[in-house]
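Here's a quick briefing to read alongside the model. Keep the 3D view open and look up each residue as it comes up.

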Amino acid sequence: MSAIRHIPPPADVVPPADRRVVEGILARLQRPGGLDDFTTQVRAVRGCRRPVRLAGRVTASGPSGIPEVRFDTRRLSDGVLLKACGSRRETVCPPCASLYRGDAFALVAAGLRGGKGVPETIGDHPAVLLTLTAPSFGAVHRRRPDGTCHSTSTRCEHGRALVCGHRHPESDPALGQALCPDCYDYEGAVLFNAGVSELWRRTTIYAVRALGSLLGLSSRQASRQLRLSYVKVVEFQKRGSVHLHALVRADRWEDEHGAAPAGIDPDLLATALQMAARRVSAPVPGSTTGARHVWGTQIDTTFVADAENGRARAAAYLAKYATKGTDEFGLLDHRLPSGICRDVRLPEHLRMLVGTTWSLGEDESLAGIGLQRWSHTCGFRGHFLTKSRRWSTTFGELRSERQRWRLKQKGVTEEPATEGMVTTSEWSFEGSGYVTAGDACLARSVEEQLRVGRVLERESVPRLPSGAPVELGVL
Ligand SMILES: [Zn+2]
Ligand SMILES: [Zn+2]
Ligand SMILES: [Zn+2]
């Protein structure tokens with residue numbers, strides 16, 4: 001037998017995935033514009049993980065009728081313009097979600113402390129952080145304040161003892177799972193999620209009336225003198241039911257950003273919200289028996305004052321929920337074409353809720369609400385963050401403000417519109433995400449540089465020169 005060991009050629013030493021990355025990076029270095037043009041584009045989309053690739057051009061033609069090309073993606077790296085995906089979900093694109101969370105914070109905080117076009121005197125308006133929960137649809141594994149789950153035993157009709165002596169740690173995947181899946185009211189849970197926005201809408205109407213009655217006003221007088229402005233976020237519980245967290249501010253009708261309404265303090269506002277949340281009900285979607293939804297018994301109201309930066313903390317608390325989705329892995333971030341998620345990481349309980357939503361969607365009495373489009377959110381239809389019209393500013397306005405600021409930083413002034421000038425844009429969608437594993441890897445290193453840059457900026461550490469390589473180990 002030969003003593004010489006077989007040494008495989010170097011190419012085989014590198015695992016195929018790594019080899020694709022290396023090949024992709026080498027290909028990038030050899031392309032026109034090389035690494036510099038590519039990283040410039042990735043920086044422009046703030047390190048977005050799934051940017052949209054657009055090809056096209058912008059032309060302008062004046063009175064002479066001769067078109068003049070103002071912008072053409074053929075002059076850019078790869079002939080495409082990258083546009084950030086703009087996702088709000090942390091599990092889809094962390095850089096875009098981080099930007100969204102910043103905007104959500106600015107939007108929420110402006111309604112509590114002023115700024116972004118809202119006068120600072122808004123800080124005199126009483127404000128309350130309200131948390132509304134879903135009722136119980138059956139026993140689930142949980143962490144009570146004393147750490148226990150279900151210490152006392154009852155036996156269900158399926159012969160199961162509804163008892164659990166564990167003290168579940170916070171990361172325990174068992175949390176939120178039904179003790180007896182046969183007992184759990186999956187349909188009730190889905191329909192609650194489907195009807196929660198209507199229940200909230202009614203709660204806001206009831207709360208104005210309740211506030212009026214505490215002030216000795218009739219319902220009619222209250223609705224013509226007072227307004228409750230709000231911003232609310234939806235939080236998915238591990239059991240797949242939604243909770244609402246809302247900041248509610250008392251305003252004067254049609255003068256929301258003016259002086260604070262007379263005679264209302266946070267205590268009175270909290271009392272009115274509690275009264276409304278305990279009394280309100282809304283029809284269960286599709287019910288033929290007159291069944292109605294109510295909130296769970298756990299209703300929480302916390303005063304939001306500016307002492308110890310309380311208003312900023314309340315805004316940060318709400319913004320934190322704005323980038324979360326239905327499940328922690330992001331398996332339910334997108335619509336499910338067949339109502340099935342095959343990923344084994346999805347807990348059985350959530351899988352049951354998704355399946356129940358899909359099958360309820362086939363029910364004729366629920367045809368009007370299109371439940372199958374919402375199986376990935378277990379029946380919850382709508383946006384995770386919503387606000388009343390006069391809370392503060394809008395996401396659109398925050399984005400335009402940022403765009404104006406960036407142009408100003410670059411020294412670009414908006415061109416005055418020339419009379420008779422017609423601008424035409426033609427765009428085609430070339431795909432989304434990065435084309436090679438090498439590009440994706442390079443984009444992640446740009447993302448990391450930008451992230452570290454932001455941390456340094458926040459901590460007021462002298463900035464590294466732009467584009468300088470960042471050694472994470474040193475920080
Ligand atoms: Zn993105
Ligand atoms: Zn348990
Ligand atoms: Zn049972």
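Let's start with pLDDT, which is the predictor's confidence in each residue, on a scale from 0 to 100. The protein chain here has a mean pLDDT of 88, and 92% of its residues reach 70 or more. This is a predicted model, so local features need pLDDT of at least 70 and side-chain atom pairs count only at pLDDT 80 or more, while totals for chains, interfaces and linings use all residues. Residues are numbered from 1 along each chain as its sequence is written, chains are lettered from A and ligands numbered from 1 in the order in which they are written, and side-chain values use heavy atoms, with hydrogens and water left out.

**Zinc ion (ligand 1)**

- Which residues hold this ion? Cys48, Cys85, Cys93 and Cys96 coordinate the zinc ion (ligand 1), each through its SG atom, at 2.3 Å.
- Donors are N, O and S atoms within 2.8 Å of the metal (3.2 Å for Na, K and Ca), and water is not among the atoms, so sites may look incomplete.
- Along the chain, the donors of the zinc ion (ligand 1) are spaced C-x36-C-x7-C-x2-C.
- Cys85 sits in the loop between strand E3 (81-83) and helix H4 (94-113), and Cys96 is in helix H4, so this pair ties together parts that are 11 residues apart in sequence. Helices (H or I, at least four residues) and strands (E, at least two) are DSSP runs, numbered from the N terminus.
- Cys85 is partly exposed at 27% relative accessibility, while Cys96 is buried at 8% and Cys93 is buried at 0%. Buried means under 20% relative accessible area, exposed over 50%, and partly exposed in between (1.4 Å probe, protein chains only).

**Zinc ion (ligand 2)**

- His141 (ND1), Cys149 (SG), Cys164 (SG) and His168 (NE2) coordinate the zinc ion (ligand 2) at 2.0 to 2.3 Å.
- The four donor atoms subtend angles of 107 to 113 degrees, so the arrangement around the zinc ion (ligand 2) is tetrahedral.
- His141 and Cys164 are both in the loop between E4 and H5, 23 residues apart, and the pair links distant parts of the chain.
- Buried or exposed? Both His141 and Cys164 are buried.

**Zinc ion (ligand 3)**

- The zinc ion (ligand 3) has Cys156 (SG), His158 (ND1), Cys180 (SG) and Cys183 (SG) as protein donors, lying 2.1 to 2.3 Å from it.
- His158 lies in the loop between strand E4 (127-132) and helix H5 (186-214), and so does Cys180, so the pair ties together parts 22 residues apart in sequence.
- His158 is partly exposed at 38% relative accessibility, but Cys180 is buried at 3%.

**Elsewhere in the model**

- Thr288 is in the loop between strand E7 (282-283) and strand E8 (292-293), and is exposed, with a relative accessible area of 75%.
- From C-alpha to C-alpha, Thr288 and Ser365 are 8.4 Å apart in space, and they are 77 residues apart in sequence.

Conventions. Four donors count as tetrahedral if all angles lie between 85 and 135 degrees; four count as square planar and six as octahedral if opposite donors are over 155 degrees apart and all others between 65 and 115; anything else is irregular.
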